[in-house]
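Dear colleague,

I am passing on a structure for you to look through, and below it I have written out what was found in it. Please keep the structure open beside the text as you read.

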There are 2 protein chains.
Amino acid sequence: MTTIRDVAKEAGVSVATVSRVLNETGYVHEDTRKKVQNAIQILNYSPNEVARSLYKRESRLIGLLLPDITNPFFPLLARGIEDEIHRQGFRVIFGNSDEDLQKEMDYISTFIQNNVVGIISATNNPDNSNYQNLEIPVVFLDRTSNNYPSVYADGKIGGRIAAEEIIQRGSRNITLLKGPTHVRPAQERFQGSLQALSESDVDFQVINTSSFSFEEAKKWSKELFQKYPDTDGVIASNDIVATAVLHEALRIGKKIPDDVQIIGFDDIPQSSLLFPALSTIKQPAYDMGMEAAMLLTKLVRKQHVEIKTIKMDVTFMERQTTRKVKAHG
Amino acid sequence: MTTIRDVAKEAGVSVATVSRVLNETGYVHEDTRKKVQNAIQILNYSPNEVARSLYKRESRLIGLLLPDITNPFFPLLARGIEDEIHRQGFRVIFGNSDEDLQKEMDYISTFIQNNVVGIISATNNPDNSNYQNLEIPVVFLDRTSNNYPSVYADGKIGGRIAAEEIIQRGSRNITLLKGPTHVRPAQERFQGSLQALSESDVDFQVINTSSFSFEEAKKWSKELFQKYPDTDGVIASNDIVATAVLHEALRIGKKIPDDVQIIGFDDIPQSSLLFPALSTIKQPAYDMGMEAAMLLTKLVRKQHVEIKTIKMDVTFMERQTTRKVKAHG
DNA sequence: TTGAAAGCGCTACCAA
DNA sequence: TTGGTAGCGCTTTCAA
């Protein structure tokens, strides 16, 4: 391992001078700079981040806490974050929390122990004490509170759009899947749909679904078509659940979208790969990650930020589980 | 920020003693230990990993380099790694390389700068100089060479199984998709299939596919059924490509699996969610990640490891894009 | 424009 | 069984 000392010796200057050229701080004569840079080259030196971090009491690391990277909504988010963070010269320490508060706490404390300069967390518990007395900025992502810097998609509007689109495309007897009570954005979508539905003149019913697991969703799907055989439109709590509904509908011989229309939520990558491809409300996951990273790095750099709560637009992705809108006239 | 000094003062002992109880090294009287632990409690102290890392010249971090976490094969891998690494008390710094050597080099050097104790890398270039003179253990994952510690699935056998299964299930005119030349495991599968096919008495043809992109795969799928309309079996280079083939087959009105059987490779989570669900050769991604993490931590701890090259078994996942085997007799 | 030296928080040696 | 202290590699004052 080659240190700043070695470079100083090689260049015939003091470590202070080497540090100056490394950090481009203070005065250093052009000739000296060249000597130092030359020595750095020769020795193939790169500074030890750990020593730097110890002295400055801050690293170039940020902590990223996601519920579960195998949930297909998160890879794009993570990628958006990592790309932007990387662009800004930071690196990410990553952990899966499984929405477990104890695990969250563990990770946060190791983040702190490693001098991370900021944290991005997709948690259901932004108000938990885990996050209270941190001396570093935290940005909440997706599952979010309004009291802290956060980036999230507009679930209320998303839910509303889903309902409006499915009605406009002809469903008259709609089943709405509620989604897990403890997942805030799921509840917002649900409320959005519910409201639109209640303002309309279609029949509808609600099925309470308590997780996003595909296996469980299969059961609810069976239940759905047994209990409400006249359903001609389903608004699912997310794309995984929508996929299960689609399977079940196909299995029992329903024509999609002629007999039943289905709308999901999220637009995870596989939704467009289904057959028929799933119509859904898209959350711009990659961009959300990028925005969160940009917000965090601004906060880290103590730059002034006008808006600490970024609400992202959602869009209806028209694919093959919904019918075409009839042209007017 | 509370330091070891504060704890020492609070407990009325020296920092050396505090360090001893922290690390459970050397002698320390039971009463003293209690005093110290009490002080730690009171001050809610947790040691600074950075200072520790600086002194010991090693952190509790490992570096993880994946081509792209949004490629659906990798989240499960990543999760397997992270779970095991976490269990062993380490954390992971994560980066996407996009299979770009420059980016790989960047990440590796920041890993080193942060004193990581080991690296897990899924790279096409394990023999690249990036990895040569590292003083820390590296485990290669998935895309791998035999000269270094590595964990990979048996592509040769996988390819063979795919061919054998599709033949056994009745395909007589098989199209084999080759997969990107620069991706080693893809070529091994291809070779495995090719060999089995050439030893059999079925007709077959090869289409050269140069990436795993879904969009490109759509084009090849069109080409496939135009050029070889009599194809009654397709062995795809991975599940993404198989999905594209499935779409195209369905689109032009083929019955699956009656007219055409399709077999993929990987068993990414969405494959079982397709309709019809995709038959494929499964790579045990989660377990591969776990094995890689276990291998790495052993190497890090300088434990003796018999086998540094772990070949994982692949299995045929029979789903709905292949026919049932007829019972004998 | 440069160098000497203190100190970031911790571990481990040596002496008591 | 405990404490003093050097030193990990770096940055930053202060003095020259």
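With which side chain does the side chain of B:Asp68 make a polar contact? The partner is the side chain of B:Thr70, at 2.9 Å, where a polar contact is a pair of N or O atoms within 3.5 Å, of which, within protein, one must be able to donate a hydrogen and the other to accept it, and residues adjacent in sequence count only if both atoms are side-chain atoms.

Before going further, please note that this is a predicted model, in which local features need pLDDT of at least 70 and side-chain atom pairs count only at pLDDT 80 or more, while totals for chains, interfaces and linings use all residues. Residues are numbered from 1 along each chain as its sequence is written, chains are lettered from A and ligands numbered from 1 in the order in which they are written, and side-chain values use heavy atoms, with hydrogens and water left out.

To stay with B:Asp68 for a moment, this residue lies in the loop between strand E1 (61-66) and helix H5 (74-87) of chain B; helices (H or I, at least four residues) and strands (E, at least two) are DSSP runs, numbered from the N terminus. Leaving aside neighbours within four places in sequence, B:Asp68 is in contact (heavy atoms within 4.5 Å) with A:Arg79, B:Phe74, B:Asn96 and B:Asp98. The C-alpha atoms of B:Asp68 and B:Glu99 are separated by 8.2 Å, although the two residues are 31 apart along the chain.

Next comes the interface between the chains. Here 44 residues of chain A are in contact with 44 residues of chain B, and the two chains bury about 4200 Å² between them, with 61% of it on carbon and sulfur atoms. Buried area is the accessible area (1.4 Å probe) that two parts lose on being put together, summed over both. In chain A, the residues that lose the most area to chain B are A:Arg79, A:Leu273 and A:Phe275, which together make up 17% of what that side buries.

The rule finds 4 salt bridges across this interface, a salt bridge being a side-chain nitrogen of Lys or Arg within 4 Å of a carboxyl oxygen of Asp or Glu. B:Arg79 forms a salt bridge with A:Asp68, and their closest N and O atoms are 3.0 Å apart. Between chain A and chain B there are also 18 residue pairs in polar contact, both residues being at pLDDT 80 or more. On the side of chain A that touches chain B, the elements that give two or more residues are helix H4 (49-56), helix H5 (74-87), strand E2 (91-96), helix H6 (101-113) and helix H10 (239-251), and the largest share, 6 residues, comes from E2(A).

E2(A) also pairs with strand E2 (residues 91-96) of chain B, in the antiparallel sense and over 3 bridges; two strands pair if DSSP finds at least two bridges between them. In this pairing, A:Phe94 stands opposite B:Val92.

Over all chains, a search of the whole structure finds 40 salt bridges. In one of them the side chains of A:Glu215 and A:Lys218 meet at 3.5 Å, N to O, and these two residues are separated by about one helical turn because they are 3 residues apart in helix H9 (residues 214-227) of chain A.

Finally, some backbone details. The peptide bond from A:Phe275 to A:Pro276 is cis, with omega near 0 degrees, and A:Pro276 lies in the loop between strand E9 (261-266) and strand E10 (279-282) of chain A. The peptide bond from B:Ile256 to B:Pro257 is cis too, with omega near 5 degrees. B:Asp266, in strand E9 of chain B, has a positive phi of about 125 degrees although it is not a glycine.

With best wishes
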